[in-house]
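Please walk through this model with me, from its overall fold down to individual backbone angles.

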Amino acid sequence: MGEIFDINAVFSAIPRLLEVLPVSLQITVISMIVGLVFALLFAIIRMRRIPVLSQLVTVFISFIRGTPIIVQLYLTYNGIPLLLKFINQQYGTDYNINAIPAMIFVLVTFAFNEAAYNSETIRAALQSVNKGQIEAAESLGMTYLQVLRRVIVPQALVVAIPPLGNALIGLLKGTSLAFVAGVIEMTAKGKIISGSNFRFFEVYLALAIIYWIMTILIEQLLRFLEKRFSIPDSAAGAMNRGWFSWGRRGI
């Protein structure tokens with residue numbers, strides 16, 4: 001009769017799981033970066049209340065927030081080939097549907113999921129910036145993009161870092177669903193290993209330890225970034241008073 005629990009199976013599984021850690025990190029980093037770009041775009045569209053686009057973005061965000069990500073992954077996995085097939089039929093193109101890398105489905109799904117959720121975080125952060133500073137910058141002749149880059153985003157970043165950090169941790173753990181699209185990341189590798197040695201508990205314990213350590217490292221990075229970008233209360237108050245008084249003199 002074999003051992004009920006084999007600690008050696010845990011330690012032997014960790015190096016094999018770490019072999020595909022770069023895949024999980026690739027999904028996390030690329031999805032987060034692309035998602036943040038779209039999230040900022042969505043937030044600006046809603047804040048500026050651009051006709052048609054604002055309504056479309058609102059519906060899209062509501063749909064993404066109202067459906068499970070695994071369902072979104074299935075929709076993307078089946079929807080992109082259908083779209084390419086339609087394009088081939090309509091325009092006589094010859095896109096090879098079967099040649100689409102599985103990673104594309106995963107990145108598209110996670111990037112737009114992050115965009116939908118983070119757009120609300122970014123919108124709230126952008127709206128937290130003192131309007132007097134924005135008016136003062138505009139009175140200097142800055143365009144909206146210049147105001148956004150020089151005044152709004154630097155201050156909004158301080159507000160947005162904690163919730164965006166939580167989103168990053170959630171995204172890292174969410175990459176465990178990538179195996180649905182056929183991407184071999186850590187969870188899929190764990191299924192393969194446990195299927196070969198039947199040490200399911202030990203392998204998934206090793207997987208949990210890796211995710212736990214990665215989460216701790218991200219939390220430490222976030223604490224560093226919060227301290228790096230935070231503005232001392234005294235400095236922030238002086239800056240706000242300076243902008244406010246300048247704005248009043250310019251009126």
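In what order do the elements of the chain run from the N terminus on? They run α-α-α-α-α-α-α-α-α-α, and the secondary structure comes to 10 helices and zero strands, where helices (H or I, at least four residues) and strands (E, at least two) are DSSP runs numbered from the N terminus. The model is a predicted one, in which local features need pLDDT of at least 70 and side-chain atom pairs count only at pLDDT 80 or more, while totals for chains, interfaces and linings use all residues. Residues are numbered from 1 along each chain as its sequence is written, and side-chain values use heavy atoms, with hydrogens and water left out.

Consider next the overall dimensions. The C-alpha atoms of the chain fill a box of roughly 85 × 55 × 25 Å along the principal axes. The radius of gyration of the chain is 23 Å, whereas a compact globule of 251 residues would have one near 18 Å; the radius is taken over C-alpha atoms, and the globule rule is 2.2 Å times the number of residues to the power 0.38. Of the 251 residues, 38% count as buried, that is, under 20% relative accessible area, with exposed meaning over 50% and partly exposed in between (1.4 Å probe, protein chains only). Among contacts with a separation of 6 or more, 79% join residues 24 or more positions apart, contact meaning heavy atoms within 4.5 Å.

Helix α2 (residues 21-48) packs with helix α5 (residues 102-127) at an angle of about 45°, their axes lying 5 Å apart; axes are lines fitted to C-alpha atoms, for helices over the stretch in contact, and angles run from 0 to 180 degrees between N-to-C directions. That angle makes α2 oblique to α5, since angles under 35 degrees count as roughly parallel, over 145 as roughly antiparallel, 65 to 115 as roughly perpendicular and the rest as oblique. By class, the contact of α2 with α5 has 21 nonpolar, six polar and four charged residues, where Ala, Val, Leu, Ile, Met, Phe, Trp, Tyr, Cys and Pro count as nonpolar, Asp, Glu, Lys and Arg as charged, and the others, Gly among them, as polar.

Most residues other than glycine have a negative phi. Valine 52, in the loop between α2 and α3 (53-65), has a positive phi of about 70° although it is not a glycine, and valine 52 is exposed, with a relative accessible area of 56%. Phenylalanine 198, in the loop between α8 (186-197) and α9 (200-229), has a positive phi near 60° and counts as exposed at 63% relative accessibility.
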